[in-house]
Amino acid sequence: MTSSFRHLSRLSLAVGFAFGIATAAFAAGDSNDDTNPPPKTQTTKTCTGGKVWDKTKKECVNPKKSSFNDDDLYQFAREFAYAGQYDNAITVLNLARNQNDPRVLNYLGYANRKAGRMELGMSYYRKALQADENYILARSYMGMALVEQGDIQGARVQLVEIRDRGGEGTWAYRSLLQSLNGYKTY
């Protein structure tokens with residue numbers, strides 16, 4: 001009975017430990033949450049002057065429409081935007097073939113807003129949501145912009161929209177909620 005009790009205790013401890021790790025990972029941000037900020041790559045660690053890291057050539061190159069697909073350009077632009085290189089982000093986004101992609105429109109909004117062009121940024125967020133009303137990251141950034149403009153009610157509407165579209169556990173939701181609670185966010 002004592003060995004069974006010890007085994008059960010160890011099993012309970014292991015399950016509790018695993019649950020704790022899973023909970024901590026979720027609290028830090030689900031790695032499958034595509035609204036999380038992008039990780040830094042060689043593009044912002046090594047490259048300068050608006051150049052991007054070409055994995056094939058293993059060097060920094062000038063971004064060109066013919067050299068990269070829209071997904072690559074989008075990732076470069078996101079990374080530039082989060083690194084505070086807003087004009088580089090806009091330059092790269094303007095190379096995307098599909099200028100109606102809600103991701104491209106959203107980051108054109110983000111980069112312009114962060115560069116001080118609030119109304120232009122808001123117009124891109126609206127276009128992103130016209131292209132995909134369920135794009136919760138655009139709703140989050142728009143909500144943050146509304147907080148910056150003092151429109152707390154408008155930001156709360158976006159928070160509810162994110163929640164109602166299944167985004168309550170995402171970085172986009174948490175970040176907008178933090179912004180509404182007075183924390184500086186993206």
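**View A. Ring pairs link Tyr-74, Tyr-82, Tyr-107, Tyr-110, Tyr-125, Tyr-141 and Trp-171 into a cluster.** The model is predicted, so local features need pLDDT of at least 70 and side-chain atom pairs count only at pLDDT 80 or more, while totals for chains, interfaces and linings use all residues. Residues are numbered from 1 along each chain as its sequence is written, and side-chain values use heavy atoms, with hydrogens and water left out. Rings of Phe, Tyr and Trp (its six-membered ring) pair if their centres lie within 6.5 Å; planes under 30 degrees apart count as stacked, over 60 as edge-to-face and the rest as tilted. The count by this rule is nine aromatic pairs.

**View B. Tyr-82 and Tyr-107 form a tilted pair.** Their ring centres are 6.3 Å apart and the planes stand at 55°. The pair links distant parts of the chain, with Tyr-82 in helix α3 and Tyr-107 in helix α5 (residues 102-114), 25 residues apart. Helices (H or I, at least four residues) and strands (E, at least two) are DSSP runs, numbered from the N terminus. Both Tyr-82 and Tyr-107 are buried; buried means under 20% relative accessible area, exposed over 50%, and partly exposed in between (1.4 Å probe, protein chains only).

**View C. Tyr-107 and Tyr-141 form an edge-to-face pair.** The distance is 5.9 Å centre to centre, with 75° between the planes. Tyr-141 lies in helix α7 (residues 136-148) and Tyr-107 in helix α5, so the pair ties together parts that are 34 residues apart in sequence. The relative accessible area of Tyr-107 is 1%, and that of Tyr-141 is 0%.

**View D. The charged end of Arg-103 sits over the ring of Tyr-74.** It is 4.3 Å from the ring centre. A charge sits over a ring if NZ of Lys or CZ of Arg is within 6 Å of the ring centre and within 35 degrees of the ring normal.

**View E. The largest nonpolar core has 46 residues.** Such a core is a set of buried Ala, Val, Leu, Ile, Met, Phe, Trp, Tyr and Cys residues joined through side-chain atoms within 4.5 Å. Tyr-107, Tyr-110, Met-122, Tyr-125, Leu-137, Tyr-141 and Leu-176 touch the most other members. At least two residues of this core come from each of α3, α4 (86-93), α5, α6 (118-131), α7, α8 (152-164) and α9 (171-180). Helix α7 supplies the largest share, nine residues.

**View F. Ile-162 is found in helix α8.** This residue is buried, with a relative accessible area of 0%. The C-alpha atoms of Ile-162 and Asn-134 are separated by 7.9 Å, and the two residues are 28 apart along the chain.

**View G. Lys-58 has a positive phi, near 55°, in a residue other than glycine.** Lys-58 is placed in the loop between β1 and β2 (59-61). At 62% relative accessibility, Lys-58 counts as exposed.

**View H. The largest pocket holds about 320 Å³ of space.** Of the 15 lining residues, Thr-41, Lys-55, Gln-75, Phe-76 and Glu-79 are the closest to its centre. On a 1 Å grid over the protein atoms alone, a pocket is an open set of points where a 1.4 Å probe fits, with protein on both sides within 12 Å along at least five of seven lines; lining residues have an atom within 4 Å of a point. Grid points are joined across faces, edges and corners, and a volume is the space filled by probe spheres set on the points. Helix α3 (70-82) supplies at least two lining residues, as do α2 (42-45) and β1 (52-54).
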